Amino acid sequence: MIPMKTAARRERLLHHLYRQATTVPVVAELLGVSERTVYRDIIALRDAGHDIQAASGRGGGVRIAPDSRPRPVHFEVA
């Protein structure tokens, strides 16, 4: 499997989070990356202004804030 580029992976992560709440292990498997990579992507997306909420423990997970609207995604090409 060819690794997905960072920008494409983060866009796919956002798309998934706007559709439903989920967990980091589920997203990691979906994207074919480590859980640590998903956590780094979530931090980067938060830094870019996306309102991603997370809760740890049983019943926790990650999601986009309920009142949040999709916004344009801008990534720098490295």
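Helices (H or I, at least four residues) and strands (E, at least two) are DSSP runs, numbered from the N terminus. This is a predicted model, in which local features need pLDDT of at least 70, side-chain atom pairs count only at pLDDT 80 or more, and totals for chains, interfaces and linings use all residues. Residues are numbered from 1 along each chain as its sequence is written, and side-chain values use heavy atoms, leaving out hydrogens and water.

**Helix packing**
- Helix H1 (residues 6–19) and helix H3 (residues 35–47) have axes that come within 10 Å and cross at roughly 80°. Axes are lines fitted to C-alpha atoms, for helices over the stretch in contact, with angles from 0 to 180 degrees between N-to-C directions.
- H1 is therefore roughly perpendicular to H3 (65 to 115 degrees; under 35 is roughly parallel, over 145 roughly antiparallel, the rest oblique).
- Arg9, Arg10, Leu13 and Leu14 of H1 contact (heavy atoms within 4.5 Å) residues of H3, including Asp41 and Leu45.

**Hairpin**
- E1 and E2 run antiparallel, joined by four bridges; strands pair if DSSP finds at least two bridges between them.
- Ala54 has Val62 in E2 as its bridge partner.
- Five residues lie between the strands of this hairpin, and Gly57 takes a positive phi near 85°.

**Largest pocket**
- A pocket is an open set of points on a 1 Å grid over the protein atoms alone, where a 1.4 Å probe fits, with protein on both sides within 12 Å along at least five of seven lines; lining residues have an atom within 4 Å of a point.
- Among the residues lining the largest pocket are Tyr39, Ala54, Gly57 and Val62.
- Helix H2 (24–31), strand E1 (52–55) and strand E2 (61–64) each give two or more residues to this lining.
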